[in-house]
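Here is a short briefing on one protein chain. Please look over the sequence and the structure before reading on.

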Amino acid sequence: MKEKSFAKEQKLFAAALEEFTQKPYEEASLNTILKSAGVSKGVFYYHFADKQALYLYLLQKATKEKWAFIARQSQNSTAQAATLFEQFRLQARFGVQFARQYPLYHKLGRMLAKEAGSPIYEVAKQQLQPGGEQQLAQLVADALAKGELRPGYTQNFLVKLLSLLFSGFDEVFGAQENTDPGHMLANLDQYVEFMRRGLGAQ
């Protein structure tokens with residue numbers, strides 16, 4: 001997206017979020033988005049190359065908002081996350097809070113997960129994963145240095161495995177169970193405990 005904002009920018013983003021959270025990517029209509037937002041094709045194409053560019057921009061925006069929210073909650077929290085798995089648990093709980101406060105951003109992420117195996121999923125994964133994986137790699141490196149993880153596993157293996165486990169949470173429990181915050185928190189606690197028992201130092 002070009003840096004300069006435009007008058008109906010927020011209407012465009014709202015309309016796009018509505019469309020992308022209601023339909024799979026291929027079925028989502030750019031014409032419907034533009035009509036709903038009252039944005040001309042000329043204005044749209046001045047700021048975005050195509051539908052994919054708009055979709056990826058929203059995914060990046062949602063990801064940045066989520067991590068900024070988690071960072072703020074972490075600063076304001078009195079809870080202490082002493083180990084890697086306690087950090088995971090705390091961040092997961094803040095993630096649930098984010099999902100409740102920003103349901104469309106959360107749903108956008110879940111819709112992306114359903115695209116697994118498609119071309120747009122691979123493109124989005126390449127754009128969104130590097131920052132998150134680097135952060136996870138640092139957390140794993142610190143945990144290995146502190147002896148919090150089972151010996152015998154390489155850092156690369158642990159990062160790949162944990163990344164897969166995190167991204168697969170919705171797939172494991174399904175969308176229906178994750179609509180209720182209480183169920184989601186209970187599932188997250190068990191999920192993190194499962195990882196701790198399997199990968200944590202004994």
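Contact here means heavy atoms within 4.5 Å. By that rule, Arg93 touches Leu185 and Asp189, leaving aside residues up to four places away in sequence. The model is predicted. The protein has 10 helices and zero strands.

**Overall layout**

- The elements run α-α-α-α-α-α-α-α-α-α from the N terminus on.
- The protein has 202 residues, and 36% of them count as buried.
- Take the contacts between residues at least 6 apart in sequence: 67% of these join residues at least 24 apart.

**α1 against α2**

- The axes of α1 and α2 cross at roughly 140° and come within 8 Å.
- The crossing of α1 and α2 is right-handed.
- On the α1 side, the contact is made by Lys11, Leu12, Ala15, Ala16, Glu19 and Phe20.
- On the α2 side, Thr32, Ile33, Leu34, Ser36 and Ala37 take part.
- By class, the residues of the contact of α1 with α2 are seven nonpolar, two polar and two charged.

**α1 against α4**

- α1 also packs against α4, at an angle of about 95° and with the axes 11 Å apart.
- That angle makes α1 roughly perpendicular to α4, because the class covers 65 to 115 degrees.
- Leu12, Phe13, Ala16, Leu17 and Phe20 are the α1 residues that meet α4.
- Their partners in α4 are Lys51, Leu54, Tyr55, Tyr57 and Leu58.
- The contact of α1 with α4 has nine nonpolar residues, no polar ones and one charged.

**α4 against α5**

- Helix α4 spans residues 51-76, and helix α5 spans residues 84-101.
- Their axes lie 9 Å apart, and the packing angle is about 120°.
- α4 is therefore oblique to α5.
- α4 passes α5 in a right-handed crossing.
- From α4, the contact uses Ala62, Glu65, Lys66, Trp67, Phe69, Ile70, Gln73 and Ser74.
- From α5, Gln91, Phe94, Gly95, Gln97, Phe98 and Gln101 contribute.
- The residues of the contact of α4 with α5 split into six nonpolar, six polar and two charged.

**Aromatic pairs**

- Rings of Phe, Tyr and Trp pair if their centres lie within 6.5 Å. By this rule the count comes to 15 aromatic pairs.
- The ring centres of Tyr25 and Tyr55 are 4.8 Å apart with the planes at 45°, so this pair is tilted.
- Tyr25 sits in the loop between α1 (9-22) and α2 (30-37), while Tyr55 belongs to helix α4. The pair links distant parts of the chain, 30 residues apart.
- Tyr25 and Tyr55 are both buried.
- Phe48 and Tyr57 form an edge-to-face aromatic pair, with 5.7 Å centre to centre and 70° between the planes.
- Are Phe48 and Tyr57 buried or partly exposed? Phe48 counts as buried, at 2% relative accessibility. Tyr57 is partly exposed, because its relative accessible area is 24% and buried means under 20%.
- Phe13, Phe44, Tyr45, Phe48 and Tyr57 form one aromatic cluster.
- Two residues of this cluster, Phe13 and Tyr57, are also among those where α1 meets α4.

- Ser74 is found in helix α4.
- At 34% relative accessibility, Ser74 counts as partly exposed.
- Ser74 and Leu90 are 16 residues apart in sequence, and their C-alpha atoms are 8.2 Å apart.
- Ser74 is also one of the α4 residues in the contact with α5.
- Arg93 lies in helix α5.
- Arg93 is partly exposed, with a relative accessible area of 31%.
- How many residues along the chain lie between the positions of Arg93 and Asp189? They are 96 residues apart, with 8.6 Å between their C-alpha atoms.
- Asp189 is also one of the residues that Arg93 touches.

How values were computed:
Residues are numbered from 1 along each chain as its sequence is written. This is a predicted model: local features need pLDDT of at least 70, side-chain atom pairs count only at pLDDT 80 or more; totals for chains, interfaces and linings use all residues. Side-chain values use heavy atoms; hydrogens and water are left out. Axes are lines fitted to C-alpha atoms, for helices over the stretch in contact, and angles run from 0 to 180 degrees between N-to-C directions. Helices (H or I, at least four residues) and strands (E, at least two) are DSSP runs, numbered from the N terminus. Angles under 35 degrees count as roughly parallel, over 145 as roughly antiparallel, 65 to 115 as roughly perpendicular and the rest as oblique. A crossing is left-handed if the near helix is turned anticlockwise from the far one by less than a right angle, and right-handed if clockwise. Ala, Val, Leu, Ile, Met, Phe, Trp, Tyr, Cys and Pro count as nonpolar, Asp, Glu, Lys and Arg as charged, and the others, Gly among them, as polar. Rings of Phe, Tyr and Trp (its six-membered ring) pair if their centres lie within 6.5 Å; planes under 30 degrees apart count as stacked, over 60 as edge-to-face and the rest as tilted. Buried means under 20% relative accessible area, exposed over 50%, partly exposed in between (1.4 Å probe, protein chains only).
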